[in-house]
Amino acid sequence: MKKTILSLLAITLLISCKKDEKVTDSIKIEAQNFIDVYTETFQNLYYDSAKAEWAANTRIIEGDTINAYNVQKANEAYAKFTGSKEVIEKTKALLENKDKLDLVQVRQLESILYSAANNPETVSKVVKERIAAETAQNEALFGFDFKVDGKSVSTGDIDGVLRESNDEKERLKNWEASKEVGKNLKDGLENLVELKNKTVQALGYDDYFSYQVSDYGMNRGEMMAEMRKMVQEVWPLYRELHTWARYTLADKYNAEVPDYLPAHWLPNRWGQDWSALVNVEGLDIDAALKDKEPEWIVKEGEDFFVSIGFDPLPKSFYEKSSMYPAPADADYKKNNHASAWHMDLENDLRCLMSVEPTADYYETIHHELGHIYYYQAYTNPDVPPLLRGGANRGYHEAIGSLLGLAAMQKPFLAAKGLVDENAKVDKTQKLLKEALSNIVFLPFSAGVMSDFENSLYAENLPKDQYNKKWWELAKKYQGMVPPSDRGEEYCDAASKTHINNDAAQYYDYAISYILLFQFHDHISKNILKQDPHATNYFGSKEVGEFLKGILSKGANCDWNEVLKESVGSGMSAKPMLEYFAPLTEYLKEQNKGRKYTLPEKI
């Protein structure tokens, strides 16, 4: 009797399991059918939007409204589809059974819902207004006519003066000219903040900053805590760099040592990179490149990736990219901010740059092609189009910056014939130059930018306090002040491209700097068996395989898991701090007897 009951129970359970399997299979099939249909339309509209945006960024003609019209129409069509009520309701219904779906299906559905929150049909009027406002803001930003002494100049011209000029008056004129664009952008920024917040609030997000942060699986508080932690970890070294820079620059300009760094003294419009303050003998890359053609710089970047096992760039990349500055007599302007584009989430890969034969561009081409090869790696059958992105947004920048760093180390440059292999290089000065780029960047990215945008979107910062807040944060985190009072007629924050058209995401760059040193530490120690300060990735197929193992997964997997699998730990600043540890004692010696004006702790 007992045996018979047990047999009946087993049969019942078997039938129940088969029913459950059928239900699960049915839900999976339903989900996949929806995803497939959605993806086909999504890709077409995504491509249309990218092509319209590309035209608007590469050919800006004053008074011409065609590009703006095309961008608005393409983006409205994209928004209408991705944010439609049907898409939102169907996606939510399918996610109610997420435990019965494959992980990749769940990730695609979550991606669909995340995209919908940026364009929900329930507030279609707001979405339409926002698209028009974004287009107008871009045109005002990239079409601005910068002038010094009444003469039109490019941002590249301004950057050159700030990097190279020893004439403080010339520096001041150029720095002030670089900020004039903000006046025309302030009202538009206020409008965009309101529209972006209203857009995502329709699907339950508190604000646009919180919406963007959620893509990391974090909330706003957690992200801001992570940013504060990053600044705190690099603060002791940054404090030494700040003190060194104050005394070095005061000597350069024959001035009293200031408590805080005047912004126009620094070699970058926002004070985010001070590396031009140091020239390392034996590593004069600018001199080696000055007679090279810009096309040669681009080919050098491709040659590097091919050497570690990646495929050559498709012919269409060179045909469709906009790689070089607009001609001096051109009747149009272009966006000079370097960027990489995955136009169709397939094989249309492009770069928008203004390459010139300089060390900066030599590094930048390796960085931007890092993005391009990331696109190429995850465009494979195992990664559906909806997940063709980085493991997180910071990964994309980390890979780009990683390859940029690798391309500027002496063994690599010597092997390429750009520096003399036997030239004596002061390792401390080289490390100082790198710290003035990498360490200096974190108080700006994790501090100023992240705090400012958090205030904009999540804390309702009023327009009549934009400039005050910006300079309060610059003083707090960077120890930097404007050359003179900057009232609320200015909007100096808006001179930074990302504030306008890549909003509430600058922590991506801070995260990327932590990740890049984790990747570099692993590659140099465990693959190349080389000193992290002096590596040569060129020709290492093993390095290529390691990178492909990360890149080819796209957004299929949790970013924390990808990191642990690749380098053996979660996100940590330890490799970065170890890399720059030898510099600290040198700077303490240099700063003996000097006045420190930044607090010991922030």
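A: Before we start on this predicted model, one definition: a helix axis here is a line fitted to C-alpha atoms over the stretch in contact, and angles run from 0 to 180 degrees between N-to-C directions.

Q: How do I read the packing of two helices?

A: Two packed helices are described by the angle between their axes and the distance between the axes. Take H17 and helix H20 (residues 507-527): their axes come within 8 Å and cross at roughly 150°. Angles over 145 degrees count as roughly antiparallel, so H17 is roughly antiparallel to H20.

Q: Is the crossing of H17 and H20 left-handed or right-handed?

A: Left-handed.

Q: Which residues in H17 and H20 meet?

A: On the H17 side, look for Ser-437, Asn-438, Phe-441, Leu-442, Ser-445, Ala-446 and Ser-450. Facing them from H20 are Tyr-507, Tyr-509, Ala-510, Tyr-513, Ile-514 and Phe-517. Sort this contact by class and you get 9 nonpolar, 4 polar and no charged residues.

Q: What about pockets? What is the volume of the second largest pocket?

A: About 300 Å³. Its lining has 13 residues, and to find the centre, go to Lys-427, Lys-430, Asp-531, His-533 and Ala-534, which lie nearest to that point.

Q: Which elements give two or more residues to the lining of the second largest pocket?

A: Helix H16 (410-415), helix H17 (427-458) and helix H23 (574-590). H17 turns up again here, with the largest share of the lining, 5 residues.

Terms used: Residues are numbered from 1 along each chain as its sequence is written. This is a predicted model: local features need pLDDT of at least 70, side-chain atom pairs count only at pLDDT 80 or more; totals for chains, interfaces and linings use all residues. Side-chain values use heavy atoms; hydrogens and water are left out. On a 1 Å grid over the protein atoms alone, a cavity is a set of points where a 1.4 Å probe fits but cannot get out, and a pocket is an open set with protein on both sides within 12 Å along at least five of seven lines; lining residues have an atom within 4 Å of a point. Grid points are joined across faces, edges and corners, and a volume is the space filled by probe spheres set on the points. Helices (H or I, at least four residues) and strands (E, at least two) are DSSP runs, numbered from the N terminus. Angles under 35 degrees count as roughly parallel, over 145 as roughly antiparallel, 65 to 115 as roughly perpendicular and the rest as oblique. A crossing is left-handed if the near helix is turned anticlockwise from the far one by less than a right angle, and right-handed if clockwise. Contact means heavy atoms within 4.5 Å. Ala, Val, Leu, Ile, Met, Phe, Trp, Tyr, Cys and Pro count as nonpolar, Asp, Glu, Lys and Arg as charged, and the others, Gly among them, as polar.
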